[in-house]
Amino acid sequence: MKKILIANRGEIALRVMRTAKRMGIQTVAVYSEADRHSPHVRYADQAICLGPPPSAESYLAMDKVIAAAKTTGADAIHPGYGFLSENDVFAQKVSDAGLVFIGPNPDSIRTMGNKLAAKDAVKAFDIPMVPGTEEAITDIGVATKIAGDIGFPILIKAAAGGGGKGMRIVDNMDDLADQMARAISEATSAFGDGSVFIEKYVTSPRHIEIQIMADTHGNIVHLFERECSVQRRHQKVVEEAPSSVLSAEQRAEMGQAAVNVAKSCNYVGAGTVEFLLDDQHNFYFLEMNTRLQVEHPVTELITGVDLVEQQIRVARGEVLSVSQEDLQITGHALELRVYAEDPLDNFLPSIGTLEVYQQPSGEGIRLDDGYEEGMEVPIYYDPMLSKLVTYGATRLEAIQRMIEAIRAYKVEGISTTLPFGTFVCEHDAFRSGNFDTHFVQRYYSPDKLHDSQQQERQLAALAGLKLFLDASRQLQIPENQSQNWQKKRS
Ligand code: MV4
């Protein structure tokens, strides 16, 4: 594998290229007209323009991406996350074109892409699952019977959904028929597949996911968990590794369950198995994400494993260079997703130019970004500016580093979620580790941000005043004394 095309943009394109370059592999960037001047285009050895800004005409245009790989003589395509990363049709087309898709085989992607097919695949492996249906339901009579058996509240989910899309909570029998009809109609229009199923609703879960890595020789390891409970409307905001609530035994147990999920679909490459953890610490398999995830850096920091390097090695047919016994957790890592959104105005996308953009750096700080001062944030894509990742010997050290790194990160011209990151890191519930997926909803309101910013400004003003007064005293007292002395003497 001498040349890799990265079918993505922004921070993840750069992140993949960094590892490829370190491994002596050439890189090809693709870009839309909106990204002509982006760092990922300049960083690559070669770059091909795919077309106009809309994703459908550029980063999602399968044939254009494959043609770019052919033209440049690339041997493989890394899809990053989002865009074409979990598209089984694309994975198949890449391989039909005689190229290597750096990711799992199309069958694994297809199976895990359908939540019912995923449940069916893992059934033989004794993986704990939330009580619910194994098949799609269309009949309200069947739904009524099942809801009666498992008890309210229940959750209706779309088989083709995932990541929270197409879910409906139902609290009682009176609402069931209506919510079923809505869920089916929503799933039909959103995914072209109206299949829905029912699960018991776990009311205060934590979201814990396990990173796995599998090679083509049958070796599968897990790289422990990431805790992703701090999220807002299914958008993760802060992720960390390890979780502060898992015992070593439960970590091993969930790790083994994740390895079994990977086995159930003949998985190859990097993948993530999502679990819910209820308030009794029971865990349940939710779904598997068949890609490299946004939050993979926290796993890299606590294990010392470069996941992109492992992806490339596995795609070259090599044996995994780490065994389960080698893997160990050292320290604690935290990731803040920095979005170009205004946390004071309902997280509305904030568009404009990065008038000032100064990155924090130093020991225990990793910043994965794809922007520079003077750049505009395009409206066409995900508004994530960067991932601010901190590492420490302990959880509180990583949190403290995050607070300091946020303070050192200067962004002007657009609003960002940086102050929201400070709010999370300073919150007692977060610091104590005692929180669930309702953290943001339960504790956050824009006035809390005003408060903490206001407090910071007041503290800064007080500190300034104290400095001024101290300095004045030091200056004035000798002066007065000397005047007195002079007066006495004269
Ligand atoms: C659930 C659940 C409670 N009970 N399933 C949301 C994302 C998708 N992967 C599944 N999700 C959930 N499934 C049952 N049976 C609660 C959620 C959920 C959630 C899960 C992980 C992270 C954040 C979440 C926020 C709201 C709901």
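This is a predicted model: local features need pLDDT of at least 70, side-chain atom pairs count only at pLDDT 80 or more; totals for chains, interfaces and linings use all residues.
Figure 1. K200 does things with its backbone, where a polar atom is 2.8 Å from a nitrogen atom of the ligand. On its own, the ligand has 520 Å² of accessible area, and the protein covers 92% of that.

**Figure 2. The shell around the ligand.** How many residues surround the ligand? Count 18 of them, with K157, E199, K200, V202 and H207 being the closest. Sort the shell by class and you get 7 nonpolar, 6 polar and 5 charged residues. Strands are well represented here: β6 (154-158), β8 (196-200), β12 (269-277) and β13 (283-289) each supply at least two residues of the shell. Why does the ligand lie between domain 2 and domain 3? Both domain 2 (131-200) and domain 3 (206-447) give residues to the shell, so the ligand sits between the two.

**Figure 3. Strand β11 and its two partners.** Now let's look at strand β11, which spans residues 235-241. Is this strand mostly covered or mostly open? It is mostly covered, as 6 of its 7 residues are buried. β11 pairs with strand β10 (residues 220-232) in the antiparallel sense, over 4 bridges. Look for R232 and you'll find its bridge partner, Q235, in β11. β11 also pairs with strand β14 (residues 332-339), again antiparallel and over 4 bridges. In that pairing, V238 stands opposite L336 of β14. One thing to keep in mind while you look: in a regular strand, side chains alternate between the two faces of the sheet.

**Figure 4. The turn between β10 and β11.** Zoom in on the hairpin that these strands make, with 2 residues between them. Which residue of the hairpin takes a positive phi near 50°? That's R233, and it isn't a glycine. R233 lies in the loop between β10 and β11. Is R233 buried or exposed? R233 counts as exposed because its relative accessibility is 65%, and the cut-off for exposed is over 50%. H234 lies in the loop between β10 and β11 as well. Its phi is near 70°, which is a positive value in a residue other than glycine.

Figure 5. Start with F152 and P153: they are joined by a cis peptide bond with an omega of about -5°. You'll find P153 in the loop between α7 (140-150) and β6. Then move to A241 and P242, where the peptide bond is cis too, with omega near -5°.

Figure 6. F283 belongs to strand β13. With a relative accessible area of 8%, F283 counts as buried, because the cut-off for that is under 20%. Now find M129: along the sequence, F283 and M129 are 154 residues apart. In space, their C-alpha atoms are 7.9 Å apart.

Key: Residues are numbered from 1 along each chain as its sequence is written. Side-chain values use heavy atoms; hydrogens and water are left out. Buried means under 20% relative accessible area, exposed over 50%, partly exposed in between (1.4 Å probe, protein chains only). Two strands pair if DSSP finds at least two bridges between them. A residue is near a molecule or strand if one of its heavy atoms lies within 4 Å of it. A polar contact is a pair of N or O atoms within 3.5 Å; within protein, one must be able to donate a hydrogen and the other to accept it, and residues adjacent in sequence count only if both atoms are side-chain atoms. Accessible areas come from the Shrake-Rupley method with a 1.4 Å probe; for residues, only the protein chains shown count as cover. Ala, Val, Leu, Ile, Met, Phe, Trp, Tyr, Cys and Pro count as nonpolar, Asp, Glu, Lys and Arg as charged, and the others, Gly among them, as polar. Domain bounds come from an automatic or database domain assignment.
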